[in-house]
Amino acid sequence: MSKKQERIIMLTDMQSFYASVEKAMQPQYKNKPLVVAGDPERRSGIVLAACPIAKSYGVSTAERLWETLKKCPDVVVVQPRMQLYIDVSMQITRILETYTDLVEPYSIDEQFIDVTHSIHLFKMTPEQLAAKIQQHILLETGVWARAGIGQNKTIAKVCCDIVAKKNKSGIFTLTKETMPKHIWPHPVEKMWGVGSRMRRHLNRMGIYTIGELAQTPLTRLTKRWGVNGQVIWQVANGIDDSPVTTSSHDTQKVIGNGMTLPRDYAEAWEIDVVLLDLVSQVCRRCRAKSVMGSVISVSCSGADWDHPTGFNRQQKLADPTNSTTDIYEACKKLFHKFWDGEPVRRLGIAITDLVDDSVYQLTLFDDREEKRKLDSVMDTIKDKFGETAIVRASSFTSAGQTRDRASKIGGHYK
């Protein structure tokens with residue numbers, strides 16, 4: 001019996017992606033500190049990406065822009081261009097597809113590739129192939145890629161995050177056998193899947209390093225966190241049988257939308273307007289995918305960033321639906337049930353338990369056919385003439401966000 005071939009999987013990660021794309025497009029900023037942030041004109045917002053030069057001043061992603069300007073007064077602040085970043089990301093995908101047909105986007109700037117059955121075509125070692133891919137991406141896009149190499153997706157991801165990004169070459173190979181040397185000594189919060197809250201819980205259990213997490217009895221973790229406990233234990237031990245697949249995003253389990261508001265919203269009617277805007281977008285996406293859901297989720301965050309408040313609640317509906325009217329009424333009722341009346345700065349809506357919308361329940365007291373026809377007409381007009389071709393009257397009030405968001409992708413300008 002022949003020995004099963006060891007998989008060769010890479011996680012390619014683009015360094016400071018948004019900032020790198022901007023520098024490639026605007027070479028006059030090549031040797032200057034640069035950040036991509038929310039609103040350069042108002043000198044406000046959050047830093048989405050910082051180039052290595054800016055990071056050398058202590059600038060970090062997700063900090064507030066005024067903090068960046070304090071650390072580095074000469075920093076170049078660029079407004080995000082989301083459509084450009086999406087286009088470059090897709091260009092990188094096409095580059096990777098010239099090396100293997102197994103390319104799985106993980107995020108806009110990270111992609112898994114499996115070269116197990118194609119590497120022989122290039123007559124190279126995995127590190128040499130990674131370097132070739134790195135140069136290919138750099139020449140075509142101006143973006144520097146890093147690559148973590150491992151026998152599964154988890155090892156490749158951990159390798160890239162903790163080791164490859166720190167290497168001058170940007171490339172490193174990690175195995176299960178070498179994880180104790182290269183990964184286990186690091187603080188547990190450095191590991192993929194462990195945030196600040198989980199770190200605090202683990203520290204209280206006496207677990208401070210990835211190695212200590214890996215050597216913790218699995219039953220102790222699953223008893224406390226169930227399947228999540230097993231997941232972080234498997235990551236720490238480099239255990240992962242999942243394949244690199246091109247169909248990972250074909251089946252959607254949740255459709256949602258959220259937004260950070262341009263100011264504090266304290267009036268109930270203002271919040272209701274935004275809820276309707278969000279629900280309209282989410283339901284339209286559901287209808288475009290021919291699905292409907294039976295569980296709604298509503299989340300909100302308070303205006304005080306230093307003392308976070310808010311909630312995330314969900315509710316099961318009597319029947320699956322993608323009707324804007326029905327979902328909005330349910331979301332509004334759920335929001336006001338848990339809202340404490342304090343100013344709100346972020347709202348989110350999601351629909352889950354998705355099913356095909358070709359079959360639905362008729363009722364005696366609710367004309368679903370009329371609602372479906374109305375939603376269909378509005379969708380058709382928007383598809384043909386644009387998102388703002390037909391909007392609800394409330395969107396024209398001072399609280400409305402539909403017209404502004406129509407010019408954005410993911411909350412940022414195209």
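1. Basis. This is a predicted model, in which local features need pLDDT of at least 70 and side-chain atom pairs count only at pLDDT 80 or more, while totals for chains, interfaces and linings use all residues. Residues are numbered from 1 along each chain as its sequence is written, and side-chain values use heavy atoms, with hydrogens and water left out.

2. The five-stranded sheet. An open sheet of 5 strands runs in the order β5-β6-β1-β7-β8, with mixed pairing. Strands are DSSP runs of E of at least two residues, helices are runs of H or I of at least four, and both are numbered from the N terminus. Two strands pair if DSSP finds at least two bridges between them. The edges are β5 (103–107) and β8 (171–173), each of which pairs on one side only. On average, neighbouring strands of this sheet are turned by 20° against each other, direction ignored. Axes here are lines fitted to C-alpha atoms, for helices over the stretch in contact, and angles run from 0 to 180 degrees between N-to-C directions.

3. Pairs within that sheet. β1 (residues 9–14) and β7 (residues 145–150) run antiparallel and are joined by 6 bridges; M10 has I149 of β7 as its bridge partner. β5 and β6 also run antiparallel, with 4 bridges, and E104 is partnered by F112 in β6. These two strands, β5 and β6, form a hairpin with 2 residues between them.

4. Helices on that sheet. α4 packs on the sheet and touches β1, β5 and β6 (110–114), its direction making about 10° with that of β6. Contact means heavy atoms within 4.5 Å. Helix α6 (residues 153–162) lies across β1, β5, β6, β7 and β8, and runs at about 135° to β7.

5. α4 (residues 82–96) has 15 residues and reaches 21 Å from its first C-alpha to its last, close to the 21 Å expected at 1.5 Å a residue; the expected span is 1.5 Å times one less than the number of residues. Its buried residues are M82, L84, Y85, V88, S89, I92, T93, I95 and L96. Buried means under 20% relative accessible area, exposed over 50%, and partly exposed in between (1.4 Å probe, protein chains only). Helix α1 (residues 17–25) packs against α4 at an angle of about 95°, with the axes 10 Å apart. That makes α1 roughly perpendicular to α4, a term for angles of 65 to 115 degrees. On the α1 side the contact is made by F17, Y18, V21, E22 and M25, and on the α4 side by M82, L84, Y85, V88, S89 and I92.

6. The four-stranded sheet. An open sheet of 4 strands has the order β9-β12-β10-β11 and antiparallel pairing. β9 (254–265) and β11 (310–321) are its edge strands, each pairing on one side only. Its neighbouring strands are turned by 15° against each other on average, direction ignored. β10 (residues 291–302) and β12 (residues 344–356) pair over 11 bridges in the antiparallel sense, and V298 stands opposite I349 in β12. Helix α12 (residues 268–288) packs on the sheet, touching β9, β10 and β12, at about 155° to the direction of β9. Helix α13 (residues 324–338) also packs on the sheet, touching β10, β11 and β12, at about 145° to the direction of β11.

7. Q315. This residue is found in strand β11. Q315 counts as partly exposed because its relative accessibility is 30%. Leaving aside neighbours within four places in sequence, Q315 is in contact with S294, V295, I296, A330 and L334. The C-alpha atoms of Q315 and A330 are separated by 8.4 Å, although the two residues are 15 apart along the chain.

8. T216. T216 lies in the loop between α9 (210–214) and α10 (218–225). At 7% relative accessibility, T216 counts as buried. A polar atom of its side chain lies 2.6 Å from the backbone oxygen of E212. Not counting residues up to four places away in sequence, T216 touches I207, L221 and W233.

9. Positive phi. Most residues other than glycine have a negative phi. S16, which is not a glycine, has a positive phi of about 40°; it lies in the loop between β1 and α1 and counts as buried at 11% relative accessibility. A62, also a residue other than glycine, has a positive phi near 80°. A62 is placed in the loop between α2 (52–55) and α3 (65–71) and is exposed, with a relative accessible area of 54%.

Definitions and conventions. Polar contact = N/O pair within 3.5 Å; in protein donor to acceptor, adjacent residues only side chain to side chain. Parallel < 35°, antiparallel > 145°, perpendicular 65-115°, else oblique.
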